[in-house]
Structures are given as C-alpha cells and as structure tokens.
Amino acid sequence: MADYTKQLNDISELLQKGKAKDIALAVQQALDDGVPAGDILEKALIAGMSIIGGKFKRGEVFVPEVLIAARAMNKASETLKPALIEAGVTPVGKALICTVKGDLHDIGKNLVKMMLEGRGIEVNDLGVDCDTQKIVDAVKTSGAGVLCLSALLTTTMMAQKDVIDALKNAGIRESVKVMVGGAPVTQGFADEIGADAYTSDAASAAEVCRAFYN
Ligand code: B1M
C-alpha cells in the first residue's frame, strides 16, 4: 500500500499555518495522486484542526490563528467535498448552533462551529439573535443530535434556559443534547438550567460534541 504520510503531514501543516490557497492546491494534488479523500479529511484536516484546537486551549495560539486555520479548513473542504461525496464519507453527525435571542456576539460561536466542523460534524448555523421558536423548529426539522447555544451577555444567558424550557414544552427535549457556553456561562448555570453539557472553550466544545456521537 502506498505511503502518503508526508503528503498528509504537509496538508496538516498548511492548515495549521492557515495557507488557504496552498492547501487547496495540495489537497487537489493529493487527490490526483490517489490519496483517499477520507484519509485527507481525517488524517490531515481534522488532525490539523485538533492540533490547533489543543494549542488554542493551552494559550499557545490565539483567535486570529484559529480563524485563519479555519479559513484554510473551509478552503480545503471545498476542494475535498466532491471526492468525499463520491467516496460516501458522511459526517459523524449533525449539530445546530446559534447565539441566543438578544445577543449579537458571534466570534465565539463561529469558533465553536469551525472546531465542530474540524471534528467531522456537519453544522447548521442559525446565526445570532436567534429566536427561541426558530431554534425549536430547527430541532424538529433538522434531525440534529446536538444543539449548541452561545451567550455572551449576562442579560442573554437566560435565553439558554428559555430554549431548554421551550424544547420541554414542545415535547422534544430528549431528542437533542443541549450544549451551552459563552463567557458568562458556568457549569453551575448549565446544571441549573438542565443543559447536557457546558464547556468553556471552542476546542473542548468540539471534543464533547464529538463524544455525543460515539
Ligand atoms: Co460586547 N460585550 N457588547 N460587543 N463584547 C462583551 C461580552 C462584554 C464582556 C464587554 C465588557 O463590558 N467588558 C460586555 C458584556 C457584559 C456582561 O454582560 N456581563 C459586552 C457588552 C455590554 C456589549 C453591549 C451591550 C455594548 C453596548 O452596546 N452597550 C453590546 C451588546 C450587543 C448585543 O449582543 N445585543 C455589545 C456589542 C459588541 C460588538 C457588536 C461591538 C462586538 C461583537 C462583534 C461580534 O461578535 N461580531 C462586541 C465584542 C467584540 C465584545 C468583546 C470585546 C469580545 C467578545 C469576543 O468576541 N471574544 C467582549 C469583551 C470580552 O470578552 N473581552 C464583549 C472573543 C471570543 C473568542 O470569545 O465569545 O467568549 P467568546 O467565546 C469563547 C468562549 O466563551 C467559548 O468559546 C469561545 C472560544 O474558546 N464559547 C463557547 C462561546 N460560545 C460557546 C458555546 C459553547 C461552548 C463554548 O457550547 C455551545
């Protein structure tokens, strides 16, 4: 069997350095050379994103580096997508994400989204200032297994509780795992409102979310 280790490592490096243009070319070259699309996804892209996630968690890289790595990930994914579809490589699961009602902060949410995608999870982004009923409707129709709620304001974190209560009232609370996060949110608050998980950062959110699909 051919050894594509160097090519996969090079792609992972390009991702970590955020080289969006170069990574698209490298992924195309790897595909042309016969590297399986699933290996490029798992062993180069997701592996690279996990490394960045770990560094972010340890304070070794910061938001800008994560954002440019994520941009490179998106570029590489675009190139890879047709081959993945052809190879029948499907995401491990689907998640919904949004910033809750009244809250316009989206940088943290976007980071969480990118980290989830980097772990092979398909993410449907409902945006910011997201109406509670819209979230409930999306849970009903999307088939997502995990719902990720972000809140950055002490005045909006209660909207995370509103969503959980609305899911209960709609009789669909058990159909989805609810993850909460954002600067003012704590484990104690998450427990109080009946969330399934709280994480303080995007990399941990991706780890916990991925574990829900195992
Ligand atoms: Co606003 N803002 N802001 N703001 N803003 C804060 C949050 C604030 C702490 C600033 C301050 O006063 N020191 C303060 C909140 C105070 C409070 O509630 N206790 C505040 C305020 C008051 C406001 C306004 C009310 C200001 C005003 O208009 N008077 C207003 C509210 C608007 C609204 O939402 N309705 C407002 C507006 C804005 C801007 C639009 C100018 C801008 C947002 C731009 C944007 O997001 N596109 C903004 C910004 C940039 C900030 C600060 C400076 C930075 C937030 C940020 O992006 N951090 C912020 C002060 C600060 O945090 N230092 C502040 C970087 C980001 C990567 O971190 O979002 O925490 P964060 O995400 C982290 C984790 O929390 C976690 O992972 C991420 C990375 O690891 N995480 C999750 C997030 N979601 C998660 C979900 C998960 C798990 C983890 O699972 C589902």
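The second largest pocket holds about 330 Å³ of space. It belongs to a predicted model, as does everything I shall describe this morning. Twenty residues, that is 20, line this second largest pocket, and the closest to its centre are Gly 108, Val 112, Gly 182, Ser 200 and Ala 202. By class, its lining comprises 12 nonpolar, 6 polar and 2 charged residues.

Which elements build that lining? H5, E3, E4 and H9 each contribute at least two residues to the lining of the second largest pocket. Helix H5 provides the largest share, 4 residues.

Let me now turn to the ligand. The shell around the ligand draws at least two residues from each of helix H5 (107-118), strand E3 (146-150), strand E4 (177-181) and helix H9 (202-212). These four elements were also named for the second largest pocket, where each supplies at least two residues of the lining. In the shell around the ligand, H5 again gives the most, with 4 residues.

There are 27 residues around the ligand, and those that come nearest are Leu 104, His 105, Asp 106, Ser 150 and Thr 154. The shell divides into 15 nonpolar, 9 polar and 3 charged residues.

I would draw your attention to His 105 in particular. This residue sits in the loop between strand E1 (93-99) and H5. Which protein atom is a donor to the cobalt atom of the ligand? The only protein donor is NE2 of His 105, at 2.2 Å.

A polar side-chain atom of Asp 106 lies 2.7 Å from a nitrogen atom of the ligand.

Finally, I come to the largest pocket, whose volume is about 610 Å³. This largest pocket is lined by 20 residues, of which Leu 41, Ser 77, Lys 81, Leu 84 and Pro 91 are the closest to its centre. Its lining divides into 10 nonpolar, 5 polar and 5 charged residues.

Where does the lining of the largest pocket come from? At least two residues are supplied by each of helix H3 (37-57), helix H4 (63-87) and strand E2 (121-125). The greatest contribution to this lining is that of H4, with 8 residues. At the level of domains, at least three lining residues come from each of domain 1 (5-87) and domain 2 (93-212).

To close, I would ask you to keep two points in view. His 105 is the only protein donor of the cobalt atom of the ligand. The largest pocket, for its part, takes lining residues from both domain 1 and domain 2.

Key. Residues numbered from 1 in each chain as written. Predicted model: local features only at pLDDT ≥ 70, side-chain atom pairs only at ≥ 80, totals over all residues. Heavy atoms only, no water. Near = heavy atom within 4 Å. Polar contact = N/O pair within 3.5 Å; in protein donor to acceptor, adjacent residues only side chain to side chain. Nonpolar A, V, L, I, M, F, W, Y, C, P; charged D, E, K, R; others polar. 1 Å grid on protein atoms, 1.4 Å probe; cavity = no way out; pocket = protein on both sides within 12 Å on 5 of 7 lines; lining within 4 Å. Points joined across faces, edges and corners; volume = space filled by probe spheres on them. Domains from an automatic or database assignment. Donors = N, O, S within 2.8 Å, 3.2 Å for Na, K, Ca; no water.
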